[in-house]
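Here's a dimer to talk through. Have a look at the sequence and the coordinates, then follow the chat below.

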Amino acid sequence: MKTKLTPCAASEQNALRPCFPVMPDSAVLLVETADNPGRPETFSLSGGEVVIGRRTGVDLLLTHPLVSRRHARIVREEQAGGPVFVIIDLESSHGTWVNDARVDRHVLRPGDRISLGRNGIELRFADGTESQTGARTGPGLLQEAEIERAARRLADVLPEASDDIHSELEKISCLLDFHYYFGKAFSAEKTFQHILKSALGISGAERAFILRKQQGGFAYALGLDHTGNLLGESEFQTSGSVVDRVAGGGQPVFMTQGIHGELAGSESIVAMNLRAVACLPLEALSQESDVAVVTGILYLDSRKHMHSLSGLDEKLLTRLAGEAGHVLEKLEMVVTLAEQRRIEQELAIAEQTQRSLLPLSLPQAEPFRIRAFSRATRQLGGDFYDFIAVQSGELTGLLADVSGKGIPAALLSSLTLGALNMEFRSGRPSGEVLSGVNKLLCGKTPAHRFVTLFLFQLGADGRGHYISAGHNPAYLFRGAAGHVEELPSGSLPLGMFPFTSYQPTPLEVAPGDLLVVYSDGLTEAENGAKEEFGEERLRGIICEAAPRGAEYLESRLLSELDAFTQGAAQTDDITFVLIENRA
Amino acid sequence: MSLKLNTRDVDGVMVITVAGRITLGEGSSDIRDKVHELAANGTKKILLNLSDVTYIDSSGIGELVAGYTTMAGAGGTLKLVGLTNRVKDLLQITKLYTVFDVHEDEAHAVRSF
């Protein structure tokens with residue numbers, strides 16, 4: 001497959017863009033190939049993570065010799081300046097290139113040109129406002145490509161046409177019409193209409209119907225007569241005996257020159273005064289096995305004789321029925337996809353709600369240097385962190401992990417964060433704040449939903465306390481000693497038992513010390529071999545990188561994590577907060 | 001592998017043997033539902049045998065807690081036996097071992113009711 005490069009205008013645009021990668025909430029990839037020159041397809045990046053490659057099962061499937069099976073992935077990361085999209089090469093054979101430079105990991109800016117393999121297939125990264133053809137999700141993009149391929153296969157039968165040139169030309173034009181509409185205007189009704197029109201043209205029948213299999217039999221999908229008028233459901237009448245025979249045996253029935261045999265006496269044939277009937281099964285491969293199942297019927301009839309169908313005509317009709325079966329199969333998928341998209345949209349809304357919980361900026365609190373990071377899974381998870389302004393002026397931060405995933409987790413996050421802010425506003429000490437939040441959560445949520453939380457409060461002198469409500473241990477790097485101390489949980493998670501008390505434990509983050517609070521998504525991140533990142537590895541990285549400061553530790557953690565997981569699917573939110581005392 | 005539950009009566013204690021993964025989605029509410037059903041039928045003593053649990057996540061821990069509170073609310077008791085290291089670690093981290101009555105072997109656990 002040849003590909004065409006996107007115009008170079010992208011780099012000029014780039015010059016006008018701000019250097020700092022401030023991103024709007026949505027972003028897209030514009031994909032231009034030889035099949036759609038000048039009209040790039042838009043691929044939405046609204047999901048948490050997008051894997052690009054040429055093997056099925058990836059999110060964006062691109063067939064090109066330079067594209068590896070799993071080539072690169074794009075993830076959305078929350079950084080202090082706002083969300084950014086990062087492209088990470090998945091050890092592809094031909095490399096991932098951004099603006100002609102080979103990259104392993106690169107924060108994308110609007111206008112960036114991404115090339116998979118040097119001079120390979122090119123994508124352009126843009127913010128959501130640049131969507132030209134309407135944002136489409138990946139499956140939609142593939143869907144259309146697949147349908148176009150199916151339509152092209154249909155045209156393959158044409159060279160066989162040979163005997164009567166004139167009538168064959170008509171048939172060919174019928175097929176081309178079909179092809180054209182198939183590719184351009186894929187809607188159930190239009191596609192069926194063109195299948196029927198082509199079938200009427202080939203057969204010379206008076207009426208044509210497509211029936212779809214439904215529970216308990218075959219029901220009307222669409223009808224058309226030879227003058228091009230739609231036949232409504234009220235006019236829907238087919239010979240039941242013929243349909244039954246085709247549905248049962250899976251073999252087509254062609255009786256174009258008068259009805260004979262056992263069907264001649266059939267009540268419906270006589271009542272409808274039919275002289276000719278053609279009825280073909282529409283087949284699709286079943287999901288479970290490779291056995292073809294009848295999913296619909298293409299039914300043609302006439303009170304006059306139809307064209308005398310030659311072997312080729314039968315072949316064309318059979319082929320048409322085959323493609324119609326394919327369309328039915330696709331329709332099922334389209335319906336499922338539409339449903340899937342609706343769910344994805346709902347999730348996106350919930351995700352936005354949850355993201356809006358994360359603070360837009362990190363507080364300035366001398367002498368502390370603060371870094372925070374959160375990468376959600378594609379399935380909405382339940383991590384969040386926040387910094388709360390308290391009357392005493394102490395730096396008050398928290399990181400929480402809500403049990404479960406999806407919308408319930410997002411709602412519980414919102415509830416917890418709202419309750420925390422409300423309770424802190426009362427000016428009460430943090431232990432009482434957590435007791436209050438716990439009581440509220442116990443009253444509002446079932447016992448199997450809970451929140452683990454690590455909360456810390458530090459004065460400018462580095463002294464303060466922490467409370468861990470069932471949260472995995474935080475780590476405190478001691479700059480003077482060069483070792484890591486563990487800060488274990490002293491109490492039960494929030495939302496389980498109403499009478500749990502939350503007692504603060506003294507904490508001092510002295511000059512040169514660095515506090516690492518994280519969610520277990522970090523230590524339980526898995527590589528392809530299902531091994532966990534682990535606490536030992538995390539402690540090792542902290543010991544080595546913490547002396548060079550919070551920013552360095554953050555970037556080391558992220559690069560070590562990516563090097564470890566090698567693009568294996570993320571199963572849980574990964575969140576951490578780093579507090580360095582730079583006094 | 002999804003979750004499998006097997007319930008039997010041992011000297012008046014309903015022992016529920018849990019096998020598989022207790023995680024979000026994979027039959028995760030089965031334990032909660034089972035305990036609820038037994039409590040509704042008047043069962044006061046439940047022992048969860050977790051020795052065949054291959055994996056548990058935080059949602060799974062939530063299920064154990066839900067079972068515990070259901071029994072406590074019904075005036076009964078729910079105890080645990082046969083914790084794998086993974087379950088032990090999670091109960092340790094979340095401080096839940098201070099809540100659950102945990103036993104090493106089943107016969108001993110049954111006698112403790």
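## Chatting through the model

Modeller: Let's start with Ser68(A), which touches Gly53(A), Arg54(A), Ser92(A), Ser93(A) and His94(A), leaving out residues up to four places away in sequence; contact here means heavy atoms within 4.5 Å. This is a predicted model, where local features need pLDDT of at least 70, side-chain atom pairs count only at pLDDT 80 or more, and totals for chains, interfaces and linings use all residues. Residues are numbered from 1 along each chain as its sequence is written, chains are lettered from A and ligands numbered from 1 in the order in which they are written, and side-chain values use heavy atoms, with hydrogens and water left out.

Colleague: Is Ser68(A) buried or exposed?

Modeller: Ser68(A) sits in the loop between β4 (60–61) and β5 (72–79) of chain A; strands are DSSP E runs of at least two residues and helices are H or I runs of at least four, numbered from the N terminus. The cut-offs are under 20% relative accessible area for buried, over 50% for exposed and partly exposed in between, with a 1.4 Å probe and protein chains only. Ser68(A) has a relative accessible area of 10%, so the label is buried.

Colleague: How many helices and strands are there in chain A?

Modeller: Of the 583 residues of chain A, 53% count as buried. Among contacts in chain A with a separation of 6 or more, 64% are between residues 24 or more positions apart. The tally for chain A is twelve helices and 27 strands.

Colleague: And what pattern does chain B follow along the sequence?

Modeller: Chain B has 113 residues, and buried ones make up 46% of them. There are four helices and five strands in chain B. Read along the sequence, they go β-β-α-β-α-β-α-β-α.

Colleague: How much area do chain A and chain B bury between them?

Modeller: Contacts link 19 residues of chain A with 19 residues of chain B. His448(A), Leu492(A) and Phe497(A) supply 34% of the area that chain A buries against chain B, more than any other three residues. Buried area is the accessible area (1.4 Å probe) that two parts lose on being put together, summed over both. With 68% of it on carbon and sulfur atoms, the figure is about 1400 Å².

Colleague: Which residues of chain A does Val65(B) touch?

Modeller: Val65(B) lies in helix α2 (residues 58–73) of chain B. Its relative accessible area is 0%, so Val65(B) counts as buried. Setting aside residues up to four places away in sequence, Val65(B) touches Leu96(B) and Phe100(B), and from chain A it touches Ala447(A), Met496(A) and Phe497(A).

Colleague: Which side chain of chain B meets Glu524(A) in a salt bridge?

Modeller: Side chains of opposite charge can pair when their charged atoms come close. The rule for a salt bridge is a side-chain nitrogen of Lys or Arg within 4 Å of a carboxyl oxygen of Asp or Glu. Two salt bridges are counted between chain A and chain B. For Glu524(A), at 3.6 Å from N to O, the partner is Arg86(B).

Colleague: How exposed is Lys530(A), buried or exposed?

Modeller: Lys530(A) forms a salt bridge with Glu526(A), the closest N and O atoms being 3.5 Å apart. Its relative accessible area is 62%, so Lys530(A) is exposed.

Colleague: What about the pair Arg582(A) and Glu580(A): how far apart are the closest N and O atoms?

Modeller: Arg582(A) counts as partly exposed because its relative accessibility is 48%. Glu580(A), in turn, is buried, with a relative accessible area of 12%. The two form a salt bridge, and the closest N and O atoms are apart by 3.7 Å.

Colleague: Last one: which residues are linked with Asp562(A) in a network of salt bridges?

Modeller: Asp562(A) lies in helix α12 (residues 550–565) of chain A, and counts as buried because its relative accessibility is 10%. Leaving aside neighbours within four places in sequence, Asp562(A) is in contact with Arg73(A), Ile88(A), Arg105(A), Arg375(A) and Gly567(A). The network links Asp562(A) with Glu49(A), Arg73(A), Glu77(A), Arg105(A) and Arg375(A).
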